[in-house]
Amino acid sequence: MADFDRNVLEFYQLSTPFPTEWPAEKDKSDNSDSEQELSKQKINRRKSRYQALERAVSNRASIVQGSEKSANGVSNLVQRDEPDPLGTSDSVVRSLKQLGVPVQDDVRLRNRFLLSSTSFSPALFLSQMHATADTDSLLNGLDILSKSIDQKSASLKVLVESNFERFVRAKATIDNVYKEMKYRGAEPPSPSRGRGHSRHPSKSSFRNSSGGAALGPNPLVAPLLNDTRKKNALVKESDYGVMGIKTPLLDVSAKAEDVWGPALGGREKEENLKTVSTSLDRFREYIEASSNIADSIRRKDYEALVEEYVRARRFADETRRLVEEFDSTPPSETEMYQIVLAARMWYDVDEQIQLFKRDVWRRLTSLHNVSRAETSVGQPRDQHVELISLLLELGVDDNPIWVWLLSKYDYLKGKISSTSERAKVEIEVLRRRLANADKAPPQAMGTYLRNLGRQSVENKVAGLDSAEVIELWEKMLAFLSTLLSAQGILGEVVEFWQTVEGFIDGKAQKSLPTGYNDESRDHHQLSQQGTTDLQKGTVELVDMIRSHVFEFFVGAPPEDISLLFSPLPPSPGTPKSAGLPPNRRDPRFNFDANNLPPPSPKKGESWEKFAFWPPTSNSISGVHYLAKMLNLVGSGASEMASVAPVSQDDGKQLEMLKTLVGAARDRAATALCAAWNRDSESVKCVEDWKRSKDMGDVTRMPASFAAFETALLSGMQKILYIPEAMAKPGAGDIVLPPPAKLLQTVRGQYMTTLYKTFSGMVENAERSIKKADDEWTTDVDMTARSGSEKASLAAGPGTVDAGDRNVRMLLTLGNLHALRTKVVPSLNGQFENAFSVKLTDESKLIKDVLGQIDARLFQTYTKPSLESLRKIIRAGLADPDWSSPKPTGVKPYVYEALLTLVLVHTQVSTTAPSMTHQVLSYLLEQISRELLDGLKARTSGFDLGALMQATLDVEFFAQTLSQYTTERASATQSEIYTMLDSKTDSQARARLQDELPGMREVLKKLREQSRNEFACFKRPRRSPNQSSSQSQPAPEQPPAPA
């Protein structure tokens, strides 16, 4: 029953046994098909020279039952179904249908399973039809196939044998007809001479003939050259009989084409052009998409670019869906235009977009090489967001957010390493140059201290040290600033983490597009592993900065400077054109193997173990730059600790940051204390024996020393406590208070500096400057001064005679007095406020030391005058003519002694006015003591004349020097009178009372006579409106010499 149904369906060409409507293909009969095919063949008759044969074949009925027609209507021998050649089934189509292969609807697929088709595929047939067959069944099928082939071969052999005579007669008939047409009824020419019998077959035999049918000689022999009928003969030379009319026909065809071609083809062209114009008008915006995108890329109008790209992509997707909807129905002409146009348009657009995306990727990964200054001036800071948004809009496979963050991490990592290593080597080169240079003389330090006293450190740093040292300090500061400042690499790392944090939290993605049909939404979220990697990468960047700074402060100076032999390494992703040209590189850092910078000499200097301290640098420039550098370290460490991955770590990074700050502070303080101690020995060089403008009786030494110590204490306080860094939130956990040991070191160094300064002042006063080999010679000292300072030292109101030792003594005493009363108490107060300590014991000790130094210098200064006075008094009292029966005046030694005091008064009052009272009071005390000792030395008693003479001498001294009388001098004078009274009898004492009025008159007369000579001893008169602030308190009396 199944075979019957199948045969019915095949006969009526139906797809189902019970159709619901008349099949559309049945509306056209075979005759109509033949008529339409004939009309088409007439129209396209020039397309094939075998039209007649095709028509004849197509008009015939199917030769084989069940055969099909080809696309052009010609029947072929391919059947609709056939049995299995291997004998397993009587219907291949039914078996395949049972196996689920849709061969009923697809003719091409069905033909690949039919043995009668030329597209038969044995491999496909076996893989589908016999997919489950075993070896035995396949061998059985092979036997059946072989027998079938043998049977068909035998049938063909019988057919050939039975029809052989027919083949021969047909061949002879064809040859005769061809000869008649070729030679136009004439006999063909015979050969020129006969040929003997040959056992070999002739060339025209059946075996060797091209057709395989001729048995005798080939009658088709070319005609002679002089045959007049050759023109119309059916030979190749005459183009088979059409040569005579070919040329006229071609001419007529050309004329007809010229005349009727435009008229006949105009309508067709019009229809084609109209169709093209309509399609162009309809799809104009898509046709112009490629040029619009190119123009948008050129103008950098990315919004228009995205709009055009989305429109083109939507059109391409719509066309692609349209193509997928086509099944067996061919597309219309408009749809065909749309398909072709969409394919061409999308090819151009996609090619441009792919090139543009590669350029955007390159710009995104190289965006980090643009300096922050350039970005802030010419371009927006969030340019990466613009590029990421653009890539998300265009659609990419890789996550642009992750790619940009990873490239930023690689860039920062390379930048930290290359910048640090290069800067350290260049710093070391400058250190070696300074270490191998000549050491500056001590007078240079005096010049720097005087500059410090004249102006603030912040106003002019260049005058605080040599230009080479300042340059190295600036380079070190620039190195740390590049690493740790908010505008440097640390700022970039913090900004990098803020960006990462924004992407991790999802805040930064809110403004990013999701792309075409939300295809880029997956790129908005970072993976968990990516988030962890970014956090670890941020911690690694922070640790790299910390380790480089720690090595700079704690490590020894680098020995390897081979990095200078290679060119500057480019930053990661930096194009070659972005590097500095060779002519802009500092030539001092261009070295070769034959010109190596010599290593630093090992002389036991304190700076040799510090990589951050310039050789021969003084403490003034050191404290100025170290305070700035420690501020950068403290602020940078606090900033690094505020980064979330660092603060959320296990605490190891925070401890390392604390260690960084503590180690840098300890090393900086240690290096500064060593330089402070060294410079305190050179403070004496600041003494130029010029009067201070503020205080006339002292030199500029106290003010310079005060400025020096103030700068050191202020800078040291900034180094130890880093107050500017403490203003940052959370800095208290990283910048810890300085340890007590370090404070004690600074305290001890401060006291040492004071003692060395005092010692240097005494040395300045006591040493002679007249020796040619003395470092304090004026010529040597003048070498460290400018021309204007030399001129002012030679002449001017502030100039003193520095060659006079007594003048230096007096000025030094005045300086010590200023230090004891003003400078040192002020410095002690500053130290106590800066470091929160009390210097009670130290203040007392300093006061005692200053008192001892003052007494020592005072005695040294007064000793020559005192010796001179002692000789004068002793010689006067030992004179035999010292006493007379009734004296009428004082002895000459008294005038000589007072004139000596006049000289002392002149020197003191003109050099150090504040010391006048102190010096003359002390000398008056010593004169009184010398008078007492001299009078005691007389072995004989005092008669009235001697008693009167002694009284006149003592009273004249006392009254003339009454302004400088002290309690000690008064007590000594009373002791003299007591001694005189003890060595005088009662009679002389009684007579003395009678002589006292006369003695008063004598003293008065002597005072009047010597008023001009001793006017300098007279107490100056003061006007009533004179300010009491101008009066100076009486100086402290030095202890009496033993």
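These legends accompany close-up views of a predicted model.

**Figure 1. Overview of the predicted protein.** The protein holds 35 helices and two strands. Of its 1042 residues, 41% are buried. Contacts between residues at least 6 apart in sequence were also sorted by separation: 77% of them join residues at least 24 apart.

Figure 2. Helix α8 covers residues 164–183, 20 residues in total. From first C-alpha to last it reaches 29 Å, close to the 28 Å expected at 1.5 Å a residue. Its buried residues are Lys171, Asp175, Lys182 and Tyr183. Seen down the helix axis, the buried residues of α8 fall within an arc of 70 degrees, so they line one face of the helix. An α-helix has 3.6 residues a turn, so residues three or four places apart point the same way. The face of α8 turned away from the buried side carries exposed residues: Glu165, Arg166, Arg169 and Ile174.

**Figure 3. Helices α26 and α29 packed together.** Two packed helices are described by the angle between their axes and the distance between the axes. Helix α26 spans residues 740–766, and helix α29 spans residues 805–835. Their axes lie 9 Å apart, at an angle of about 170 degrees. Angles over 145 degrees count as roughly antiparallel, so α26 and α29 are roughly antiparallel to each other. On the α26 side, the contact residues include Leu743, Tyr750, Phe758 and Met761. On the α29 side they include Met809, Leu816, Leu827 and Phe831. By class, the contact has 13 nonpolar, four polar and four charged residues. Arg747 and Glu766 of α26 are among the contact residues, as are Arg805 and Arg808 of α29.

Figure 4. Helix α32 (residues 916–936) and helix α33 (residues 944–960) have axes that come within 11 Å. The axes cross at roughly 170 degrees. The two helices are therefore roughly antiparallel to each other. Leu924, Ile927, Leu931 and Leu935 make the contact from α32. Ala950, Val954 and Phe957 make it from α33. The contact residues divide into seven nonpolar, no polar and no charged.

**Figure 5. Aspartate 854, a buried residue in helix α30.** Aspartate 854 sits in helix α30, residues 840–877. Its relative accessible area is 7%. The cut-off for buried is under 20%, so aspartate 854 counts as buried. Setting aside residues up to four places away in sequence, aspartate 854 touches Leu813, Leu816, Arg820 and Gln918. Leu816 also belongs to the α29 side of the contact with α26.

Figure 6. Glycine 634 is found in helix α21, residues 619–641. It is buried, with a relative accessible area of 0%. Glycine 662 is 28 residues away from glycine 634 in sequence and 9.4 Å away in space, C-alpha to C-alpha. Beyond its neighbours within four places in sequence, glycine 634 is in contact with Ile722, Ala725 and Val735. Isoleucine 722 lies in the loop between α24 (701–721) and α25 (723–726). Isoleucine 722 is buried too, at 1% relative accessible area.

Figure 7. Most residues other than glycine have a negative phi. Phi of isoleucine 722 is near 45 degrees, a positive value. Phi of lysine 300 is near 60 degrees, again positive. Lysine 300 lies in the loop between α11 (289–299) and α12 (302–325). Isoleucine 722 is buried, whereas lysine 300 counts as exposed at 61% relative accessibility.

Key:
Residues numbered from 1 in each chain as written. Predicted model: local features only at pLDDT ≥ 70, side-chain atom pairs only at ≥ 80, totals over all residues. Heavy atoms only, no water. Helix = DSSP H or I, 4+ residues; strand = E, 2+ residues; numbered from the N terminus. Expected span 1.5 Å × (residues − 1). Buried < 20%, exposed > 50% of the residue type's maximum accessible area, 1.4 Å probe, protein only. Arc of directions from axis to C-beta. Axes fitted to C-alpha atoms, helices over the stretch in contact; angles between N-to-C directions. Parallel < 35°, antiparallel > 145°, perpendicular 65-115°, else oblique. Contact = heavy atoms within 4.5 Å. Nonpolar A, V, L, I, M, F, W, Y, C, P; charged D, E, K, R; others polar.
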